[in-house]
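Trainee: Can we go through this one feature at a time? I would like the general idea each time, then the case at hand.

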Amino acid sequence: MKIKKLIATALTVSMAMVAVVVPSITAKATDSAYSYEAYDDVNYDSDGNLVSITRYTDGKTYNTAAEAAAAQEADAYTIPQKIVLSNSGRKFFKIQLRNGDCTIKNKSVVDNKIASVYVDKNKTSRTVYTNDTENKSCATYVFKINPKKVGKTYLTFDIYNSAGKKTASKKIKLIVQEDGTPFKSVTFAGKSLMTKSYSSNSDYIYAGNKTYNNENSGLYTTKDSGKFKVTMNKTYKLVKILVGTRTAESSTEDGVTTVKTDGRKVDLNMDGDTNDIVMGQSESQVTYTYKVKKNNNKVVLSTVPKQTTTTYSSADVTYSKNSISSTADTKFLVVYYNKATKKYGVQSFYIYKKV
């Protein structure tokens, strides 16, 4: 929800109760507000009416945008019972308050030798109304955790509403691990796909590549195939792996032939139309088609680069304009589950093959 925010530079903020107009994001003109997740499946009928929304990560399906929006909002305002983080580096997490709740007080960490926790005042915002009879007051608190050593401790705090009444007390378990990130390793043909900070040069899949630019001309492998293997860190569970590849499509109109891999119309869910959103892609603007793969199974890399080629032919002249990448990308989507926070996540990895 987008409403006027007041940065929490003071302990209390007061303003007269006013009418607030909240803009909404709509799937169709008749749908309730819902912000689509990156990999949702959204099905429409032939008339463009919403049939269902399926959240790809957890597989939950909703028959209306209002149902999906309510579930999404509930997720956003759920305070985690556990947080996992690495013992190197800091972590930010957000707590959103609503329905009149607008203040967090009495923050404390049981064992400051494990981690310290601060409120990031530059990112924390509060909107507080006096005489909050309609429970419009709300807040977003951003906490910064600085881990100190491996171990477990607790963050506790109290929540107050606009009238100054305590409405809840919360306790979050902080678990500091050697590596609190989801992936212990991600490899293709025995070579690491993780960033160099996690891998030695000899293990990194693009070791020896010197050129790094938007076209990824220096990021490539000469491998045709290999096993794609994911190993999760503690507290994370691998859910599924999908492999996405491009397909070149040719079309001719008014003597102009176009071959392209992006922006194609494809009936991805095979329901007879191209009105839907599948894996976050509009069927009228498709780039990748995905297949599910088992962990540590062989994957043949794509040989189709990003391409747009336009050719015009007549009796007198032939004109051709090419835009073709020097590498073909294969996209890997890894869906995982955080057992501590009980939330899903999706991480993408790309492998570029020289073509």
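Mentor: Start with strands: they are DSSP runs of E, at least two residues long, numbered from the N terminus. Keep in mind that this is a predicted model. As a case, tyrosine 319 is found in strand β24, residues 318-324.

Trainee: Is tyrosine 319 buried, partly exposed or exposed?

Mentor: Partly exposed runs between the cut-offs, under 20% for buried and over 50% for exposed. Tyrosine 319 has 48% relative accessibility, so it counts as partly exposed.

Trainee: Which residues make the nonpolar surface patch?

Mentor: Tyr312, Val317 and Tyr319 make it, and the patch covers about 300 Å².

Trainee: Which residues form the positive patch?

Mentor: Lys82, Lys152, Lys234 and Lys342 form that one. Take lysine 342: its place is the loop between β25 (327-338) and β26 (343-354). With a relative accessible area of 58%, lysine 342 is exposed.

Trainee: Now strand pairing. How do I read it?

Mentor: Strands of a sheet pair through backbone hydrogen bonds, either parallel or antiparallel. Here, β5 and strand β12 (residues 166-177) run parallel and are joined by 5 bridges. Within that pairing, leucine 85 has valine 176 of β12 as its bridge partner.

Trainee: What is the strand order in the open sheet of 4 strands?

Mentor: The order is β14-β13-β15-β22, and the pairing is antiparallel. The edges are β14 (191-192) and β22 (297-300); each has a single partner strand, so one side of each lacks a neighbour in the sheet.

Trainee: How many bridges join β13 to β14?

Mentor: There are 2 bridges between strand β13 (residues 183-188) and β14, and the two strands run antiparallel. Look for phenylalanine 188, which stands opposite lysine 191 in β14.

Trainee: On to charges. What is the general idea, and how many salt bridges does the structure hold?

Mentor: Side chains of opposite charge can pair when their charged atoms come close. The structure holds 5 salt bridges. One of them joins lysine 353 to aspartate 224, with the closest N and O atoms 2.5 Å apart. Lysine 353 lies in strand β26 and aspartate 224 in the loop between β14 and β15 (225-232), so this pair ties together parts 129 residues apart in sequence. Lysine 353 is buried, at 9% relative accessible area.

Trainee: Which residues are linked in a network of salt bridges?

Mentor: Arg246, Asp262 and Asp329 are. Take the pairs in turn. Arginine 246 bridges to aspartate 262, the closest N and O atoms being 2.4 Å apart. Arginine 246 sits in the loop between β16 (236-245) and β17 (249-253), and aspartate 262 in the loop between β18 (256-260) and β19 (277-278), so the pair ties together parts 16 residues apart in sequence.

Trainee: And the pair of aspartate 329 with arginine 246: how far apart are the closest N and O atoms?

Mentor: For that salt bridge they are 2.7 Å apart. Aspartate 329 lies in strand β25, and arginine 246 in the loop between β16 and β17, so parts 83 residues apart in sequence are tied together.

Trainee: Are these residues buried, partly exposed or exposed?

Mentor: Arginine 246 is buried, with a relative accessible area of 9%. Aspartate 329 is buried too, at 5%. Aspartate 262 is partly exposed, at 24%.

How values were computed: Residues are numbered from 1 along each chain as its sequence is written. This is a predicted model: local features need pLDDT of at least 70, side-chain atom pairs count only at pLDDT 80 or more; totals for chains, interfaces and linings use all residues. Side-chain values use heavy atoms; hydrogens and water are left out. Patches are made of residues with over 30% relative accessible area and no salt bridge: like charges are joined within 9 Å, nonpolar side chains (Val, Leu, Ile, Met, Phe, Trp, Tyr) within 5 Å. Accessible areas come from the Shrake-Rupley method with a 1.4 Å probe; for residues, only the protein chains shown count as cover. A salt bridge is a side-chain nitrogen of Lys or Arg within 4 Å of a carboxyl oxygen of Asp or Glu. Lys and Arg count as positive and Asp and Glu as negative; His and the chain ends are not counted. The place of a charge is taken as NZ of Lys, CZ of Arg, CG of Asp or CD of Glu. Buried means under 20% relative accessible area, exposed over 50%, partly exposed in between (1.4 Å probe, protein chains only). Two strands pair if DSSP finds at least two bridges between them.
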